[in-house]
Each structure stands twice: as C-alpha cells, then as structure tokens.
Amino acid sequence: MKRQRANQFLRRRVLLFLIKPSNYDDQGYVVTHFRGVLPSNTLNCLAALTQDVVNKKMLGEEVDVRVHLFDETVQKIPVEKICRFSRAGYEQRIVCLVGVQTNQFPRATDLARKFRAAGLTVLIGGFHVSGYLSMIKQIPADIQSLMDEGITIVKGEVEEAWPEILKHAVSGRLKPLYDFVDDKPDLFTKPIPILDTRLMKRFVASNFGTIDCGRGCPFNCSFCTIINVQGRKMRVRSAETIAQAIRENWRRNRVDFYFFTDDNFARNAQWERIFDTLIDLREKEQIDVKFMMQVDVLCYKIRNFVEKARRAGCTKVFIGMESINPESLKDAAKTQNKAEDYVNLISAWRRAEVSTHVGYILGFPHDSEESLRHDLHRLMHEIQVQQASFFILTPLPGSRDHLEMSQRGDYMDADYNKYDSMHETMHYSNFGEPGSLQRFYHEAWDTFYSFENMKRILLRASPRNYWDILKSFIWYKNAAVLERRHPMMTGFFRRKSRDAMRTGVAVPGRWDFLKMRVREIRCYLEGVIKLLWEMQELWLQTRPRSAAEERIVQEMHRIYESVQRRLTVAEVQLAYHRAHLHLPALKVPSKLSLYWQKCNLFYANRQVYTRTDIDQNWSRIVQRVRRYKLLGISPLRFFVNLWLDFQVTTMFAYAFFTARQEELSLDG
Ligand code: B12
Ligand code: SF4
C-alpha cells in the first residue's frame, strides 16, 4: 500500500488542455453561446488521438496524463484558473489550441500569449497556420513572433505524429515548428473522433456526433484551402472502424445522428462500403442511425449513390453549389459544376426524400447585385433547393486565390477575425462602394428565409424531412436574422463577458456593460418571441393535414375568395357542409359547437389554420399598454387570448418534440 502511494507520488502529472478557441464579434467580445449547434470535429479528433496515447502508455509509465476539453463557442475558458494552478508548480500544464481557422487566429493568439506569459507550454494547430504556411513559404511576422515567444506551431495533420509531439512537450523539447503537410497520415485504422459526454450537453442536440470518414478532394477550386492542406488524393477510414465507433456511441450515449464532415463524401473511395455497413446497422442490428454529409454536384450521377444514401439513413446533403452563374463557376475554376445539372440533382435527392442544403458564394468577379438577385430567384423558384447558406467570397490563407492576390499585391483586409465569410475582406469588382456586398449578403438571407419562401419549401417537403427542415429554419433564422451571424458559427442565446475581450479594445465600465446587456437581451427575447410565433404560423399553414381537414380548408378558401372578409359562423358551417358532401364521415358542427371549438383548440386541434387572430389581439393589447390605457383592455379578451396562445404553443411544442417519433414510425 505504502509502495503504491510512493509510486503515485513519483508519477508526474501532466494536465493537457485541448481548447477550441472561438472568434471575436465586431465589438471585440468573444463569441460564446449558451447552447451550440455544431460540435467541433477537430476537438473530438484530437481527444481520440490523445486517448490512444494515454491508453497505450506511450509517454511512459511514470507520466499520468489528465485531459480537459474546452470548446469556447459554448463555454468560457477559465484562463485565470488554468494559469493560477500552473504557478503553484505541482503539475505540468500543456495547452493545445486546436482547429484554429483564420477567423479564430486573433483569439487563439490572445489566448496563447496569456498562457505563455504564465509559463505554460502552448501549441497552435489547425487550418490557418497549415494553410498559410503550405502556400507561402516565408513565415509571416505574426506567426514568427508567436514562435519567438516560445509558442509551438503545428502545420498539417498529426494522426501519426501526435505521440512524438506529446513526448517532446512533456520532456520540454518542443520545436518551434512542426511540419507534416507533405507527410499526410494514412487514416484507415486511426482512432475515430471521440464524443465527450460533458461537452455534448452544451449542444442543442446531445445525440449528435461527428466523424470525418475521409479527407481530401480531387477537385481544384481556386477559393478552397482543403486541397492545399489535406491534398487532392483522398484518404479514408475503414467502414468497420466507423461502424464500431457508431455502435459504441449508440450503446454509451444513444448517439444516433452524425455529421460526416468529409468535404466531399461522394469522392470517398469507401462510400459504398460505409453505406452498406450503415444499412446493416439499421436493418440487422436495429441501430437507427441517421446522418448528413457534404457532397458535390455530380454525386447524383454515381450509380446507386442516392438510393444507398437514403437506405443508410441520410436525411440531409450539403452541396457545394457555390453559384448558378456559369461565368462565376469559371472564375472559381469549379468546372465540375454545370448549372444545367442543378435541377436534376435537386430532384434526385427530393425523390429519395433527402433534404438539400446548398452553399452559395457571393462576390465573384462576374457577380453584381442585379445578377445575384436574378440567380437567387432561380435558386428558389426553378432549382427549388430546400435550404441555402450564403458566404461572401473570402481569400482564405491556404487557397490559390490568397496566394495569387498576395503575389499581385492586391488589397486584403489585415484583420483575420473578419475572414469568417460574413465580412468583406477584399475589393469586389462589381460592388464599388464598400459595404454594398455585405448589405446584399443580408438581403440574400432575408429573401431566402422569408415567410413565403419557407412556406413554399415546407409545402413541397415530404413528411420524412418536414421537421428536419422546419427545425433548421428556426436555427437559421435565429442566427442570420436575429443575431446577424452565419448559422454555422452561431448557437442559441449569446453570452458576453467583459473579461474576455480582444486585446487592444477598450473594456466598457460595469454599468455601461450592464445597460448594454439588458438592452440586448430585451431585444433578443422580443425577437425570439416573434420568431416562435412566425414558426408556429408556418407550421399551422404547412403541416401535413388529414383528407378531411384539407377539404375544409379548400372550401373555406373558396368561400373566402368570394367574400374577401373574415368568415361568419354560418359561412364556416357552409364550408363543413360542402366538405361533408365529399367526405360523409365529417360532421357539420352546430353553431354552439363551433364557438366551443374556437376556444378549445385541444379538443378540435385539427381546425387551427393560423394564429393571426391571436397575434392581432396581442398587438392591440400591447398598443394600449404603451399608451397607458390599461382600462381599455378587456380582462376577458386578455385571458381568452392567453388561453388560445397557450393551446397553440403547446400543440406546436408537442409536435416539435414528438417529431422524431413520427419520423421513426414513417421510416419503419
Ligand atoms: C466540419 C467543419 C466545420 C464545422 C466544425 C468545425 C470543426 N473544426 O470541426 C462547422 C460547421 C462549425 C464549421 C464552421 C466554419 N468553417 Co469549417 N470546416 C469543417 C470541415 C469541413 C471539416 C473539419 C474537420 O473535421 N477536419 C478534420 C480535422 C481533424 O482536421 P483539422 O481541423 O485540420 O485538424 C487536424 C490538424 O490540423 C491538426 N490540428 C488541428 N488543431 C491542432 C492543434 C494542435 C495543438 C495540434 C498539434 C494539431 C492540430 O490535427 C488534426 C488531426 O490531424 C473543414 C474542412 C476540412 N477538411 O478540415 C472546414 C473548414 C475548417 N472550415 C472553414 C471555414 C471557413 C468555416 C467557417 C468560417 C464557415 C462559415 N462561415 O460558417 C465557419 C467558422 C466556424 C467557427 N468560427 O467556429 C475553412 C477554414 C479555412 C481557414 N483558413 O480558416 C475550412 C478548411 C473549409 C474551407 N472552406 O476551406 N466548419
Ligand atoms: S469541391 Fe469543395 S472541397 Fe473540393 S476543391 Fe472544390 S471547394 Fe474544395
């Protein structure tokens, strides 16, 4: 016993912090949300690699490694606490800033300097440093100064090299720069990203996992960084390792939805094996796993690809469409995309009842406001995609665009925090005045996610993906319209902290900060209520209805078109009567029972078509409150309205939370 204690005492403890930094907003606050939507696959990847090193005791028997994961997009990093403990000097502390993209580089730099100043060992890796240094051989001043301060830069993928880097870190022999870009690891049997149960709880859906089943892409788009870091030759994970990880996650945490983060799953040489394995998991082992993936425009031409994807549980595909303007596609060397394929592509996925989400880039040299408006109209009405994400063309370090612009000496914004595809970072030829492309960018989001377009999309959607699309609309509108941020970098309910601001930005006084937060939170909550009302209205107007209900709605519309005012009770009864002629099982309600149905929606929920009346009553009540005419508010009307709203909201919430059950039974 004593010897065991002595051994424990002699063991060196290493605390390893894997931190995924966020970025700053335009005011200099760190972007953190109460709940996130998309977890970081890079963080999960490094967690798995580290776990493997620890399990295999690759650092030696005497080293006891404790790993802590942080994702700053959903939690505050306890910088002071991490540094304080290090000053006590009991344990060695190593901080790894992981998956640092260009827009996160300024935040990562601030964090790295704080940790380094407290004497910790610090490493930075991810796409910014890997991309920049793989295209431009001369090390830029900002990266050089980090290295001069003793911070280690890691360029490229570390599946093979991670044990060695950790050994160097633990023994204090780290080099300033590690370079693995030309030495890409084979992924076939490497550890699959691990899901951290504690972190998963910070995301809206804790049944959500990520796996990169392969890396690289054979194409050659000029704005893309992936090919210059992960290469044009695809490397893949084995279908069996993927299936084993899915089984394990299902058993331990009931994870049943995945984002396969491959940039182009259609070019993964193992796609068919992976699909077949997933089909077996679903059909033979009853593990009802579903997933979304990224594919290219030509994928629908691959034999069996769409059909097998559906059977394997694919519910959504993200397609790199980028533009429907052939000139713009040529500008980007995206020659594999042919705009004439788009309609066939979308209808192939629609027939398989898999929803389609396209990435669309704004700001190519041939784009103008007028041409983009025209293209957007075609995207919505002719090609009929179900979801779209817009990105402002950005010269990301690591792309050919960035290299060529650097060589030509073209203007590029010096602030990397803006390289998030929501900001203008270069000159856009047909958008002379600065800010005009950004204005159009917001217009594109507002137009695509307008009530009328969302309604058209949901009316065309199949029951299998109706709720998936509606839920995405809530997420997307919350981000793009309420927060004015890109949904892929936005969660729910923004948090802000005075003590984690960008270096160089003046920290506001406590009182000013409090006033600002109260104002912001009030505006946000008002926005959330409006958003929920809009989504309820959307659901009421589009939800799948029974034949009887459909008939009544048609008859009511017919009568409404001839009278052009709200229908009287007698007219509603007439609609029932006409519907009854086609569907005799339908009872024509008495006048009294129609009044009863009007107040008791739970009893007759099939007859709720809109919440317009409820909203109008609320706005009348609010107007009176604003004019201090409280006595003019009828208590009866107030309580009836509250009761009706409660019922509609409850019905919506019930449908929302039981949607997954419905999907399952439909699938079965
Ligand atoms: C999934 C994904 C997302 C997810 C999750 C992010 C994540 N990192 O998991 C979501 C949807 C949130 C996302 C959002 C965005 N993304 Co993204 N995303 C990807 C994608 C497709 C896969 C990421 C992944 O899992 N890669 C696999 C991992 C294992 O590779 P890796 O990150 O390079 O990590 C390896 C090495 O770099 C290294 N490493 C990484 N960090 C560290 C740290 C240390 C210390 C060490 C030793 C090693 C190390 O080890 C890892 C294992 O080998 C990549 C493209 C790609 N192929 O990577 C784009 C990519 C990273 N995204 C990109 C962009 C631009 C964005 C957005 C700005 C887009 C937008 N407007 O929404 C946002 C920004 C989000 C933010 N601020 O948080 C760019 C980044 C380019 C750049 N130079 O910045 C990429 C490369 C795609 C592209 N178009 O070029 N993204
Ligand atoms: S298809 Fe996508 S991943 Fe492949 S090179 Fe083009 S942008 Fe990059």
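Helices (H or I, at least four residues) and strands (E, at least two) are DSSP runs, numbered from the N terminus. This is a predicted model: local features need pLDDT of at least 70, side-chain atom pairs count only at pLDDT 80 or more, and totals for chains, interfaces and linings use all residues. Residues are numbered from 1 along each chain as its sequence is written, chains are lettered from A and ligands numbered from 1 in the order in which they are written, and side-chain values use heavy atoms, with hydrogens and water left out.

View 1. E248 and R251 both sit in helix α10 (residues 239–253), 3 residues apart, about one turn of the helix. They form a salt bridge, with the closest N and O atoms 2.9 Å apart. The term means a side-chain nitrogen of Lys or Arg within 4 Å of a carboxyl oxygen of Asp or Glu. E248 is partly exposed at 28% relative accessibility; R251 is exposed at 55%. Buried means under 20% relative accessible area, exposed over 50%, partly exposed in between (1.4 Å probe, protein chains only).

View 2. R378 and E382 pair at 3.1 Å, N to O. Both belong to helix α15 (residues 369–383), 4 residues apart. R378 is partly exposed at 24%, and so is E382, at 43%.

View 3. The side chains of R107 and E72 meet at 2.7 Å, N to O. R107 lies in helix α4 (residues 105–117) and E72 in the loop between β3 (63–71) and α3 (79–88), so the pair ties together parts 35 residues apart in sequence. Both residues are buried.

**View 4. A salt-bridge network.** E157, E159, D212, R215, R235 and R237 are linked by salt bridges. The count for the model comes to 52 salt bridges.

**View 5. The shell around ligand 1.** Of the 43 residues around ligand 1, N41, E159, T225, D263 and S421 come nearest. A residue is near a molecule if one of its heavy atoms lies within 4 Å of it. Helix α2 (41–55) and strands β4 (92–97) and β5 (121–125) each supply at least two shell residues. Helix α2 gives the most, with 4 residues.

**View 6. Oxygen atoms of ligand 1.** A polar backbone atom of T102 is 2.8 Å from a ligand oxygen. For V158, a polar backbone atom is 3.0 Å from a ligand oxygen. A polar side-chain atom of H486 lies 3.3 Å from an oxygen of ligand 1.

Definitions and conventions. Polar contact = N/O pair within 3.5 Å; in protein donor to acceptor, adjacent residues only side chain to side chain.
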